[in-house]
Amino acid sequence: MTQTVNDIADLMSDKTSHPKSNLQIPSMLRYFFTVLVLGLLVLILVMGGKALRDAPPAAIHVDNRGLTVAQYRALQQVMNQQSVSSFFTSDLQALRDISTGLAWVDQVSISRDWQQGIVVKALPKQAVANFGTERLVDAKGAVFVPADSRELTQEQFATLQGDIAQAPVIMQQMQQVNDWYAPLDMQVEDIILSPRMTWLIRFDNGLRVIVDNENTAQKLLNLSQLLGNQLSNRRDEMQSVDLRYKNGFTIAWNLAPPKDGETPP
């Protein structure tokens with residue numbers, strides 16, 4: 001009995017001293033699998049790069065919403081001249097720069113679309129006045145040549161003239177004068193800024209005003225107040241007003257047509 005107990009104890013002692021070993025993957029086999037995975041990744045990258053290089057050029061779609069027929073055709077013609085690469089590798093920033101290079105374009109949005117390709121959306125500048133006879137100008141004073149030459153010299157627009165670099169200043173001056181003279185039912189029809197910074201303004205009622213660059217705003221504001229008060233009954237008789245004086249101004253009056261047999265003054 002004692003012998004049997006000792007045998008069992010020895011057997012249990014052997015199991016305790018020799019635990020069950022886990023299955024070990026040889027280091028050589030692990031190295032082989034690592035190299036295989038890396039090789040597959042490199043192959044995928046190489047094949048993907050080759051597929052991108054060999055892909056056909058992406059189609060460029062110009063969205064015509066918000067554009068006139070002339071604007072759409074002009075933008076489409078420019079885009080057709082561009083050499084683009086594939087759908088993923090095309091330089092969208094370069095296309096955006098080319099689009100905004102068109103004088104009449106205000107904003108451009110370019111995106112990728114799975115169905116249409118590269119989509120170009122453009123917003124045109126909105127003209128609010130003529131600038132000379134060959135350009136238009138928007139509310140911010142940006143001068144541009146329209147896509148359609150038939151848009152030039154629109155009769156419902158006022159005409160601004162001067163140095164193109166001064167266009168924002170001229171636009172701001174016209175807007176300010178229109179605000180001051182609106183209660184008199186007078187709007188600017190032509191406004192010129194000469195190289196000597198002299199302003200010549202013609203209103204839609206025929207009145208012409210000339211003013212220098214000294215206290216220009218104050219002089220124009222004072223005149224609007226006089227025309228609305230002391231001179232309100234004689235506005236129709238006035239031909240022009242010269243404000244180029246420090247302490248006053250001069251008025252040229254419309255001459256009444258001479259009566260029959262009367263010698264004109």
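**Asking how we know**

Modeller: Let's start with L41, which sits in helix 2 (residues 27–54). Keep in mind that this is a predicted model.

Colleague: What makes L41 partly exposed?

Modeller: Its relative accessible area is 46%. Buried would need under 20% and exposed over 50%, so L41, at 46%, lands in between and is called partly exposed.

Colleague: Let me zoom out. How many helices and strands does the protein chain have?

Modeller: There are 6 helices and 12 strands. The chain has 265 residues, 31% of which count as buried.

Colleague: Now helix 4. Which of its residues are buried?

Modeller: In helix 4 (residues 92–100), the buried ones are L92, L95 and S99.

Colleague: Why do we say that they line one face of the helix?

Modeller: Looking down the axis of helix 4, the buried residues fall within an arc of 60°, so they line one face. An α-helix has 3.6 residues a turn, so residues three or four places apart point the same way.

Colleague: And what do those buried residues pack against?

Modeller: Their partners are strand 1 (60–62), helix 3 (69–80), strand 2 (105–113) and strand 3 (117–124).

Colleague: How do you know that D91 caps the N-terminal end of helix 4?

Modeller: One of its side-chain oxygens lies 3.2 Å from the backbone nitrogen of Q93. The cut-off for a polar contact is 3.5 Å, so the 3.2 Å between D91 and Q93 is within it.

Colleague: On to charges. Why is the pair E189 and R202 called a salt bridge?

Modeller: The N to O distance between their side chains is 2.8 Å. A salt bridge needs the nitrogen and the carboxyl oxygen within 4 Å, so the E189 and R202 pair qualifies at 2.8 Å. E189 lies in strand 8 (residues 188–193) and R202 in strand 9 (residues 199–203), so this bridge ties together parts 13 residues apart in sequence. Side chains of opposite charge can pair when their charged atoms come close.

Colleague: What makes R202 part of a network of salt bridges?

Modeller: R202 also meets D190 in a salt bridge, at 2.1 Å from N to O. Here R202 is in strand 9 and D190 in strand 8, so the pair ties together parts 12 residues apart in sequence. E189, D190 and R202 are therefore linked in a network. The structure holds 8 salt bridges; another one joins R234 and E237, whose closest N and O atoms are 3.0 Å apart.

Colleague: Why is S224 called buried?

Modeller: S224 has 7% relative accessibility, which is under 20%, so the label is buried. S224 is found in helix 6 (residues 216–228) and touches W180, Y181 and L184, leaving aside residues up to four places away in sequence.

Colleague: What about I210, is it buried or exposed?

Modeller: Buried: its relative accessible area is 18%, and the cut-off is under 20%. I210 belongs to strand 10 (residues 208–211). Its C-alpha atom is separated by 7.1 Å from that of R244, 34 residues apart along the chain. With residues up to four places away in sequence left out, I210 touches several others, including T198, W199 and R244.

Colleague: Last one. What is the phi of N215, and why is N215 called exposed?

Modeller: Phi is near 55°, a positive value in a residue other than glycine. N215 is in the loop between strand 10 and helix 6. Its relative accessibility is 52%, over the 50% cut-off, so N215 counts as exposed.

Terms used
Residues are numbered from 1 along each chain as its sequence is written. This is a predicted model: local features need pLDDT of at least 70, side-chain atom pairs count only at pLDDT 80 or more; totals for chains, interfaces and linings use all residues. Side-chain values use heavy atoms; hydrogens and water are left out. Helices (H or I, at least four residues) and strands (E, at least two) are DSSP runs, numbered from the N terminus. Buried means under 20% relative accessible area, exposed over 50%, partly exposed in between (1.4 Å probe, protein chains only). The arc is that of the directions from the helix axis to the C-beta atoms. Contact means heavy atoms within 4.5 Å. A polar contact is a pair of N or O atoms within 3.5 Å; within protein, one must be able to donate a hydrogen and the other to accept it, and residues adjacent in sequence count only if both atoms are side-chain atoms.
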